[in-house]
Amino acid sequence: MKTSKEGSVTRPVFLRRWWNQQLRIGETAPARLRWVVEFAQRDLTALTPGEWTDLLSALRTFITYPFPPIAHHHPPRFIYSKGRPRLSQDEVREVQQAYQRFITRLVNKHNATTDELRVTVGAWFIPDRHHPERTVVGVTHSAENLVTDAMWGLFWLLAAHGPLLRQCPERTCRRIFVATRKNQAYCSTQCLSRQKTREYRKRKEKGKR
Ligand SMILES: [Zn+2]
């Protein structure tokens, strides 16, 4: 029976591990954009060796598959990306700076551009032996340069969810964040209430005079 055959497919261990890592970065595109934005603003000087290990593998995972997992319950059967060798701490800092520069400029000036980047994109049809009607399209990309790969990942997320990117107006915060709702102005309820308290005090003081 076709279905039982399909159901009995066991995925190689490395693929399952890789997929779990993807889910840890984020299951949806906004969640993945949030991961990038938080990484861009993270204080790398304060990381413990364990946190470094996690970050190195998370960034590598993100770069090899910059799209949101499309079918949550069905990991892709093939990894098309060439993948990358382990990253070094210097490479992580380099990517962080590129993200930070781009995101900050985009939020402050409302536009940002990279230098010229070279990416190779490929796509092909993969017929399903058991279900001819289910032909899938494989896509791949490769870039020689790490920062190019990283910017390519950000590009996809911005194209879909860029408008959720904003800066917290609370004057002691100013953190860049990805909103969970369209009308969310402050990064957190703490910042919102700090601002409300400040406005309230201001009004009270005006009233006294
Ligand atoms: Zn804030």
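**Exercise 1. In what order do the elements of the protein chain run from the N terminus on?**

Solution. This is a predicted model: local features need pLDDT of at least 70, side-chain atom pairs count only at pLDDT 80 or more, and totals for chains, interfaces and linings use all residues. Residues are numbered from 1 along each chain as its sequence is written.

- Step 1. Find the elements. Helices (H or I, at least four residues) and strands (E, at least two) are DSSP runs, numbered from the N terminus.
- Step 2. Count them. The protein chain has 7 helices and 4 strands.
- Step 3. Read the order. From the N terminus on, it is α-α-α-α-α-β-β-α-β-β-α.
- Step 4. A residue is buried if 20 or more other C-beta atoms lie within 10 Å of its own, exposed if 12 or fewer, and partly exposed in between; C-beta atoms are placed from the backbone. Of the 209 residues, 16% count as buried.
- Step 5. Two residues are in contact if their C-beta atoms, placed from the backbone, lie within 7 Å. Among contacts with a separation of 6 or more, 64% join residues 24 or more positions apart.

**Exercise 2. Describe helix H5 and what covers its buried residues.**

Solution. 

- Step 1. Check the span. The expected span of a helix is 1.5 Å times one less than its number of residues. H5 covers residues 89-109, 21 residues in total. From first C-alpha to last it reaches 30 Å, close to the 30 Å expected at 1.5 Å a residue.
- Step 2. List the buried residues. In H5 these are Val 92, Val 95, Tyr 99 and Ile 103.
- Step 3. Look down the axis. The buried residues of H5 fall within an arc of 70° (taken from the directions from the helix axis to the C-beta atoms), so they line one face of the helix.
- Step 4. Turn to the other side of H5. Asp 90, Arg 93, Gln 97, Asn 108 and Lys 109 are exposed there.
- Step 5. Name the cover. The buried residues of H5 are covered by elements including helix H3 (29-40), helix H4 (49-64), helix H6 (146-161) and strand S4 (176-178).

**Exercise 3. Work out how H3 meets H5.**

Solution. Two packed helices are described by the angle between their axes and the distance between the axes.

- Step 1. Size up H3. This helix has 12 residues and reaches 17 Å from its first C-alpha to its last, close to the 16 Å expected at 1.5 Å a residue. Its buried residues are Ala 29, Arg 32, Leu 33, Arg 34, Val 36, Val 37 and Phe 39.
- Step 2. Compare the axes. Axes are lines fitted to C-alpha atoms, for helices over the stretch in contact, and angles run from 0 to 180 degrees between N-to-C directions. The axes of H3 and H5 come within 8 Å and cross at roughly 105°.
- Step 3. Classify the angle. Angles under 35 degrees count as roughly parallel, over 145 as roughly antiparallel, 65 to 115 as roughly perpendicular and the rest as oblique. H3 is therefore roughly perpendicular to H5.
- Step 4. Name the residues. Val 36, Val 37, Phe 39 and Ala 40 of H3 meet Gln 96, Tyr 99, Gln 100 and Ile 103 of H5.

**Exercise 4. Which residue just after H5 takes a positive phi?**

Solution. Most residues other than glycine have a negative phi, and most peptide bonds are trans.

- Step 1. The residue is His 110, with a positive phi of about 70°. His 110 is not a glycine.
- Step 2. His 110 counts as exposed because it has 7 C-beta neighbours inside 10 Å.
- Step 3. Take Arg 174 as a further case. Its phi is near 60°, a positive value in a residue other than glycine. Arg 174 lies in the loop between strand S3 (165-167) and S4. It is exposed, with 12 other C-beta atoms within 10 Å.
- Step 4. List contacts. Leaving aside neighbours within four places in sequence, Arg 174 is in contact with Gln 167 and Cys 168.

**Exercise 5. Is Ile 25 buried or exposed?**

Solution. 

- Step 1. Locate Ile 25. Its place is in helix H2 (residues 13-25).
- Step 2. Count neighbours. Ile 25 counts as buried because it has 20 C-beta neighbours inside 10 Å.
- Step 3. List contacts. Leaving aside neighbours within four places in sequence, Ile 25 is in contact with Arg 32, Trp 35, Ala 58, Thr 61 and Phe 62.
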